[in-house]
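Let's take a friendly walk through a protein chain together.

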Amino acid sequence: MRNIIPALLSIGVGFVISFFGLDFYSNSLENENNIIAQSNKITSSKEDTPEEPLSVDNSSTGSFSVDIEDIQKNFDNWEAYAKENIDLMSTFIPLDDEGAAMEKGIFLTLLRTGAYIPIKSEKKGKVQYRLTGIDASSDEKIKKSIVSKASIAHQYFKMEGKKLPDYNFVDLNGNAHNKADTKGKLLVLKCWFITCKVCVEEFPELNELVDKYKDDKIEFVSLAFDKKDELIKFLETKEFKYPTIPEQKDYMAKKLKVKQYPTHLIVDANGIIIKMVNNVKTLTSELERIMGK
């Protein structure tokens, strides 16, 4: 923790200085300042918190199967490692730089300082990410990449546990999708638009999810930027089994605070957002975890 406390203090100062200039940080200033007060009594409060406290010795925090110096030699090395191992929106156990469990919001905030990289390990089959001080000689692109991804992950993390904003969707076939229709069901939302290549490439895997959970109380719905006629024409050439709602750009950006596309939300039967993730692989694993399949 000796390296984390100064970083936390610098975060607080940075937020005060930038209060009037950076809207993103100003909206969360009160929460971020609370982080400093909690830095000496870190607790875990969300689903990704370990059931038992983790001790700080190496045997309890899992082993690292990576050369930490090598992955920081250049951006390509880091990008290859991160793509294969790191997803900050997934469910994982956050560890500080001494291997002690910490709250995920603080973990992501520290990554946003640019002072750390996350390193993956496992303990009893559970994924852990541990903060590791970034080398002073590391490529600046590594730092910028981590800060960017941690910032979006932190924004999505803050949405988890909140009520899904009011909605009354009507899909391309004229069917309604509102709170009354989805009550008692798990709701899975996909946020996308026609010209988003990655969004469209996910269709086959998302169709498989619809088939896999067809007998469960899950409703799959997609929200798109595009106009009704454009979507109808486009989906004539691309099979997509989600009911699709047109012209939802404002709802996604302003209500759901979506920062990148695609984005997927899992909403529980009470209308509470459980997870926000940005790829079908993580969506699939989170659904398996939630549904026990």
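## A walk along the chain

Glu247 sits in the loop between β8 (244-245) and α12. Its backbone is worth a look too: Glu247 has a positive phi of about 55°, although it is not a glycine. Keep in mind as you look around that this is a predicted model.

Another residue with a positive phi is Lys257, where the value is near 60°, again in a residue other than glycine. Lys257 belongs to the loop between α12 and β9. Is Lys257 buried, exposed or partly exposed? With 34% relative accessibility, Lys257 counts as partly exposed.

The loop between α12 (249-255) and β9 (263-267) also holds Pro262. The peptide bond leading from Tyr261 to Pro262 is cis, and its omega is near 0°.

Now step back to the whole chain. How many helices and strands does the chain have? There are 13 helices and 10 strands. Of the 293 residues in the chain, 49% are buried. If you take the contacts between residues at least 6 apart in sequence, 71% of them join residues at least 24 apart.

Next, the inside. The largest nonpolar core contains 74 residues, and Leu164 and Trp192 have the most contacts inside it. Helix α7 supplies the largest share of this core, with 8 residues.

| Helix pair | Axes come within | Crossing angle |
|---|---|---|
| α5 (residues 75-85) and α7 (residues 140-159) | 9 Å | roughly 30° |
| α6 (residues 104-111) and α7 | 8 Å | roughly 155° |

What do these angles tell us? The axes of α5 and α7 cross at roughly 30°, so α5 is roughly parallel to α7. On the α5 side, Phe75, Trp78 and Glu79 take part, and they meet Lys141, Ile142, Ser145, Ile146 and Lys149 in α7. Sorted by class, this contact of α5 with α7 has 4 nonpolar, 1 polar and 3 charged residues.

For the other pair, the axes of α6 and α7 cross at roughly 155°, and therefore these two helices are roughly antiparallel to each other. The crossing of α6 past α7 is left-handed. Lys104, Gly105, Leu108, Thr109 and Leu111 of α6 make this contact with Ile146, Val147, Ala150, Ala153, His154 and Phe157 of α7. By class, the residues in the contact of α6 with α7 are 7 nonpolar, 3 polar and 1 charged.

Let's zoom in on Phe157, which has its place in helix α7. Phe157 is buried, because its relative accessible area is 8%, and under 20% counts as buried. Phe157 and Ser90 are 67 residues apart along the chain, yet their C-alpha atoms are separated by 9.8 Å.

Our last stop is in a strand. Ile119 lies in β2 (residues 116-123), and Ile119 is buried, with a relative accessible area of 0%.

Conventions. Residues are numbered from 1 along each chain as its sequence is written. This is a predicted model: local features need pLDDT of at least 70, side-chain atom pairs count only at pLDDT 80 or more; totals for chains, interfaces and linings use all residues. Side-chain values use heavy atoms; hydrogens and water are left out. Axes are lines fitted to C-alpha atoms, for helices over the stretch in contact, and angles run from 0 to 180 degrees between N-to-C directions. Helices (H or I, at least four residues) and strands (E, at least two) are DSSP runs, numbered from the N terminus. Angles under 35 degrees count as roughly parallel, over 145 as roughly antiparallel, 65 to 115 as roughly perpendicular and the rest as oblique. Contact means heavy atoms within 4.5 Å. Ala, Val, Leu, Ile, Met, Phe, Trp, Tyr, Cys and Pro count as nonpolar, Asp, Glu, Lys and Arg as charged, and the others, Gly among them, as polar. A crossing is left-handed if the near helix is turned anticlockwise from the far one by less than a right angle, and right-handed if clockwise. A nonpolar core is a set of buried Ala, Val, Leu, Ile, Met, Phe, Trp, Tyr and Cys residues joined through side-chain atoms within 4.5 Å. Buried means under 20% relative accessible area, exposed over 50%, partly exposed in between (1.4 Å probe, protein chains only).
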